[in-house]
Amino acid sequence: MRFLLAAFFLLLAVVAPRAAEFAVYDVYIDSGTEALAAYQLKISDRRAAVKILSVEGGQHASFANAPKFDEKAIQRDVIKVAAFSLAARDKLPSGRVRIASLHVEVGPGLTPDWNAIVQAAGGPGGRKISAEVSISKRENQ
């Protein structure tokens, strides 16, 4: 009898629907040694596992406010975000900096597979610069 009861609970744990997970994913840009004054990114989830709920700003004062984005687009799994700063070169970030955070609902049992593309990155005066984007899940929520 104990075996049947244990088997029942194991089966229930395997087939019972899981609840959605709420998570925060931090978006980073690495501009190397160049000062970052502006960016535009296209971010999507290849698995369509997420619903983007909100977007918040970054860690550096130049990008502390939430970036611009299409509010209707966040209801899907694709979003474009953009921001710029008119601060002086010495007040702008360089290297790897968190420029935004995505608050998402992840579907039950799913894991996002992020695809992020830098569509534009600029330094002071609008000069085009090279930059890389990365996304990582915030572990301390």
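The following legends describe close-up views of a predicted model.

**Figure 1. The open sheet containing strands β1 and β8.** Four strands build this sheet, arranged in the order β3-β6-β1-β8. Their pairing is antiparallel. At the edges lie β3 (50–57) and β8 (132–137), each of which pairs on one side only. On average, and with direction ignored, neighbouring strands of this sheet are turned by 30° against each other.

**Figure 2. The pairing of strand β1 with β8.** Strand β1 covers residues 21–30. Six bridges connect strand β1 to β8, and the two strands run antiparallel. Which residue of β8 stands opposite Asp30? The residue in that position is Glu132.

**Figure 3. The open sheet containing strands β4 and β5.** This sheet also consists of four strands, and their order is β4-β5-β2-β7. The pairing is antiparallel here. The edge strands are β4 (68–69) and β7 (114–122), and each of them pairs on one side only. Between β4 and β5 there are two bridges, in the antiparallel sense. Within this pairing, Phe69 has Val81 of β5 as its bridge partner.

**Figure 4. The largest pocket and its lining.** The volume of the largest pocket is about 150 Å³. Its lining is made up of Ala61, Ser62, Phe63, Ala64, Asn65, Ala66, Pro67, Lys68, Ala82, Ala83 and Phe84. Which strand provides the largest share of this lining? Strand β5 (residues 78–84) does, with three residues. Sorted by class, the lining of the largest pocket comprises eight nonpolar residues, two polar residues and one charged residue.

**Figure 5. A charged group and an aromatic ring: Arg96 and Tyr28.** The charged end of Arg96 is placed over the ring of Tyr28. How far is this charged end from the centre of the ring? The distance is 3.7 Å. As for pairs of aromatic rings, a search of the whole structure identifies two.

How values were computed: Residues numbered from 1 in each chain as written. Predicted model: local features only at pLDDT ≥ 70, side-chain atom pairs only at ≥ 80, totals over all residues. Heavy atoms only, no water. 1 Å grid on protein atoms, 1.4 Å probe; cavity = no way out; pocket = protein on both sides within 12 Å on 5 of 7 lines; lining within 4 Å. Points joined across faces, edges and corners; volume = space filled by probe spheres on them. Nonpolar A, V, L, I, M, F, W, Y, C, P; charged D, E, K, R; others polar. Pairing = 2+ DSSP bridges. Axes fitted to C-alpha atoms, helices over the stretch in contact; angles between N-to-C directions. Phe/Tyr/Trp six-rings, centres within 6.5 Å; stacked < 30°, edge-to-face > 60°. Lys NZ or Arg CZ within 6 Å of the ring centre and 35° of its normal.
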